Amino acid sequence: MIERLRRFEMFEPLPDAILKKLAKSASIQVYRAGDRLWNQGEPNERVVFIEQGLAKTARRTRGGDSRTFGLYGPGDSMGIYAIWAGMKYPTDAWAMSDGMAVIQLDPLTLLQCAEKQPRLSVALMAEISRFTEALVHKIEIVGAGSISERVAALMVMLVDRYGIEVGEGKACLPVYLTLEQIGEIVDSRMETVNRVLAKWKRQGWLTVNASGYHFLHFDNVRALLPEFPARDGF
């Protein structure tokens with residue numbers, strides 16, 4: 001468990017004594033797509049560190065619709081913000097992919113270790129800023145412009161953070177997202193998202209299978225963003 005914790009930037013520089021205490025409170029949990037990690041307003045009983053897969057935070061509107069607030073993948077943490085928010089989760093949290101694996105830690109143990117180790121305390125504060133960063137990414141995606149630009153903004157963000165470069169101009173996002181999941185994030189109907197992706201496929205930019213999204217001309221997708229010159233826009 002100590003070696004698994006060291007794979008995360010927050011824990012890598014910590015002394016063994018601190019890591020041993022954290023490891024005693026740690027456990028591994030694996031989720032399927034659609035599994036709920038926790039509900040908004042519940043007491044913060046655990047924080048999680050994602051080893052593989054994608055997760056999201058979301059809140060329900062008064063009309064019952066779900067609105068995504070943040071996306072998280074390998075190397076990210078979830079639940080730390082709640083430690084400074086009255087120990088209650090400010091959002092729902094859901095797994096977005098089958099086999100999403102996380103390390104779960106007890107938040108009180110994490111705080112006790114942070115009191116003894118200043119480097120961990122500083123790292124926790126940095127993680128809190130990522131909660132705000134995730135919200136900013138969401139605002140940037142929805143504010144990107146047309147639906148094709150929003151989908152492009154989402155894919156560029158995900159590939160830049162969690163993707164794999166497989167050749168010049170080629171990239172792979174090794175997670176399968178459904179049309180419903182993409183539509184919720186970019187605030188669009190599934191049918192509209194499907195038309196965007198279908199056009200990318202016809203143009204030879206993209207193939208999709210159970211292992212994820214495979215971009216054959218990722219530079220064309222990136223060029224759809226407003227800050228880049230338009231190329232074969234929609």
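Predicted model: local features only at pLDDT ≥ 70, side-chain atom pairs only at ≥ 80, totals over all residues.
A residue counts as buried when its relative accessible area is under 20%.

**Stop 1: helix H7 and the residue after it**

Select residues 179-186, which form helix H7. This helix is mostly covered, with six of its eight residues buried. Which residues of H7 are buried? They are Gln-181, Ile-182, Gly-183, Glu-184, Ile-185 and Val-186.

Now step along to Asp-187, in the loop between H7 and H8. Its relative accessibility is 41%, so Asp-187 counts as partly exposed. Look at the backbone here too: just after H7, Asp-187 takes a positive phi of about 60°. That is a positive value in a residue other than glycine.

**Stop 2: the whole chain**

Zoom out for a moment. The protein chain has nine helices and twelve strands. It contains 234 residues, and 47% of them count as buried. Take the contacts between residues at least 6 apart in sequence: 70% of these join residues at least 24 apart.

**Stop 3**

In soluble globular proteins, nonpolar side chains tend to be buried together. To look inside this model, select Val-151, Leu-154, Leu-158, Ile-182, Trp-200, Tyr-213 and Phe-215; these have the most contacts inside the largest nonpolar core, which has 35 residues. Several elements each supply at least two residues of this core, among them strand S10 (170-173), helix H8 (190-202) and strand S12 (212-215). Helix H6 gives the most, with eleven residues.

Stay with Leu-158 and show what surrounds it. What does Leu-158 touch, not counting residues up to four places away in sequence? Its partners are Leu-54, Leu-71, Gly-163, Leu-173 and Leu-177.

There is also a second, separate core, made of 23 residues, and you can find it by selecting Leu-5, Ile-18, Leu-120 and Ala-123, which it includes.

**Stop 4: helices H2 and H4**

Next, select H2 (residues 16-24) together with H4 (residues 107-116). Their axes come within 10 Å and cross at roughly 170°. An angle over 145 degrees counts as roughly antiparallel, so H2 is roughly antiparallel to H4.

Show the side chains between them. On the H2 side are Ile-18, Lys-21 and Leu-22, which meet Thr-109, Leu-110, Gln-112, Cys-113 and Lys-116 in H4. By class, this contact has four nonpolar, two polar and two charged residues.

Click on Lys-21. Is Lys-21 buried or partly exposed? Its relative accessible area is 29%, so Lys-21 is partly exposed. Leaving out residues up to four places away in sequence, Lys-21 touches Thr-109, Gln-112, Cys-113 and Lys-116.

**Stop 5: Ser-77**

Finish at Ser-77, in strand S6 (residues 77-78). Its relative accessibility is 9%, so Ser-77 counts as buried. Which residues is Ser-77 in contact with, leaving aside its neighbours within four places in sequence? Display Val-48, Phe-49, Tyr-72 and Glu-127 to see them.

Methods
Residues numbered from 1 in each chain as written. Heavy atoms only, no water. Helix = DSSP H or I, 4+ residues; strand = E, 2+ residues; numbered from the N terminus. Buried < 20%, exposed > 50% of the residue type's maximum accessible area, 1.4 Å probe, protein only. Contact = heavy atoms within 4.5 Å. Core = buried A, V, L, I, M, F, W, Y, C linked by side-chain atoms within 4.5 Å. Axes fitted to C-alpha atoms, helices over the stretch in contact; angles between N-to-C directions. Parallel < 35°, antiparallel > 145°, perpendicular 65-115°, else oblique. Nonpolar A, V, L, I, M, F, W, Y, C, P; charged D, E, K, R; others polar.
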